[in-house]
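Here is my note for a colleague who is opening this structure for the first time. Please keep the view beside you while reading the points below.

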Amino acid sequence: MKIAIIGKKERAAAWEKHLRKLSVVSEVVITGTLTEDKDIAAVLLIDDSADCLIHLLRSIKLGNHTYLISKMPSDLDLLETIYHASEEAGVNVQFSHWPSMAESMNWIRQQVPKPDLIQIKKESVPQNFREKESEDFKSDWIDELALIIKWQGGNIHRFEVKPIRLRQHLLGLNLTLRYENSAVASIQYLGSAAKETHQRIFSNRNTIADCDIINQKVRLHTLNELNKVTVREKKFDASDTAEWSVVQFIKSIQMSQPTLFSPYDALQTAKAYHRIVGLMDSDK
């Protein structure tokens with residue numbers, strides 16, 4: 001299998017190391033731009049530019065299975081076009097949504113397959129302790145939203161949105177999503193904290209998983225045979241996430257299965273994102 005890596009050499013070299021470990025990969029080509037090469041089986045597109053979705057769409061139209069490595073995009077029209085184009089072309093597309101690819105999150109999903117509550121608290125420290133840049137602010141909370149959509153779906157019954165503002169300056173967000181099946185997901189995000197905090201809680205009637213994202217540690221609460229609460233801890237290593245994501249992308253191609261985070265997932269996230277932004281704008 002011949003794979004092309006599109007992007008700057010420094011970043012591409014790191015991804016090349018992951019690919020070289022795979023026996024199924026026979027050749028890796030690093031280039032700065034997309035080219036029409038019928039021998040290429042798949043493309044890793046490393047692109048944080050504003051035109052990343054345009055470049056992704058071109059790769060799809062060339063018939064390439066493509067892994068887009070970028071921040072979570074939110075252009076609704078382009079994502080809808082990409083979703084339909086990938087379906088028509090029969091190619092697999094994966095987005096680098098790191099929360100969906102983390103080993104800790106995949107383990108929790110096995111322990112709590114159908115959570116009726118997802119609760120996320122995240123506090124970020126802006127550079128120089130000033131106001132967080134708007135793109136970084138967006139990226140911080142849209143990743144959490146995407147995780148909720150991936151787990152619970154995009155059919156949200158009710159949005160409750162309250163931005164945290166100082167006049168025109170957006171510093172945080174309090175978000176609650178309610179589903180028809182009575183499941184609830186919430187995000188409390190502050191982008192102007194003095195200390196980094198990141199916690200995700202997933203629960204149902206049988207299990208509670210409390211994940212410390214910064215330290216990659218999960219505390220799992222369950223009931224034993226005596227109906228007593230028991231707690232066990234499990235540690236994870238986030239350094240393997242990128243390599244694991246490449247393996248899963250290649251596997252999805254070989255087995256004709258959906259990717260870890262697909263165009264459909266990205267489209268549903270974008271729809272929810274724009275609904276939330278609209279509600280925030282109406283709160284000005």
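1. Is Lys-21 buried or exposed? Lys-21 is exposed, because its relative accessible area is 56%, where buried means under 20%, exposed over 50% and partly exposed in between, with a 1.4 Å probe and protein chains only. The numbering runs from 1 along each chain as its sequence is written. This is a predicted model, in which local features need pLDDT of at least 70 and side-chain atom pairs count only at pLDDT 80 or more, while totals for chains, interfaces and linings use all residues, and side-chain values use heavy atoms, with hydrogens and water left out.

2. Lys-21 forms a salt bridge with Glu-243, with 3.0 Å between the closest N and O atoms; a salt bridge here is a side-chain nitrogen of Lys or Arg within 4 Å of a carboxyl oxygen of Asp or Glu. The pair links distant parts of the chain, Lys-21 being in the loop between H1 and E2 and Glu-243 in helix H7, 222 residues apart. Helices (H or I, at least four residues) and strands (E, at least two) are DSSP runs, numbered from the N terminus. Glu-243 is partly exposed, at 24% relative accessible area.

3. Five strands form an open sheet in the order E2-E1-E3-E4-E5, with parallel pairing, two strands being paired if DSSP finds at least two bridges between them. Strand E2 (27–31) and strand E5 (93–95) are at the edges with a single partner strand each, so one side of each has no neighbour in the sheet. Strand E4 (residues 65–69) is joined to E5 by three bridges, and Tyr-67 stands opposite Gln-94 in E5.

4. Helix H1 (residues 9–20) lies across strand E1 (2–6), E2, strand E3 (40–46) and E4, and runs at about 170° to E2. Helix H7 (residues 241–255) lies across E1, E3, E4 and E5, at about 160° to E4. Axes are lines fitted to C-alpha atoms, for helices over the stretch in contact, and angles run from 0 to 180 degrees between N-to-C directions.

5. Ser-104 lies in helix H5 (residues 103–111) and counts as buried, at 1% relative accessibility. Apart from neighbours within four places in sequence, Ser-104 is in contact (heavy atoms within 4.5 Å) with Cys-211, Gln-216, Val-218 and Phe-236.

6. The salt bridges come to eleven by this rule. Among them, Asp-48 and Arg-11 meet through their side chains at 3.3 Å, N to O.
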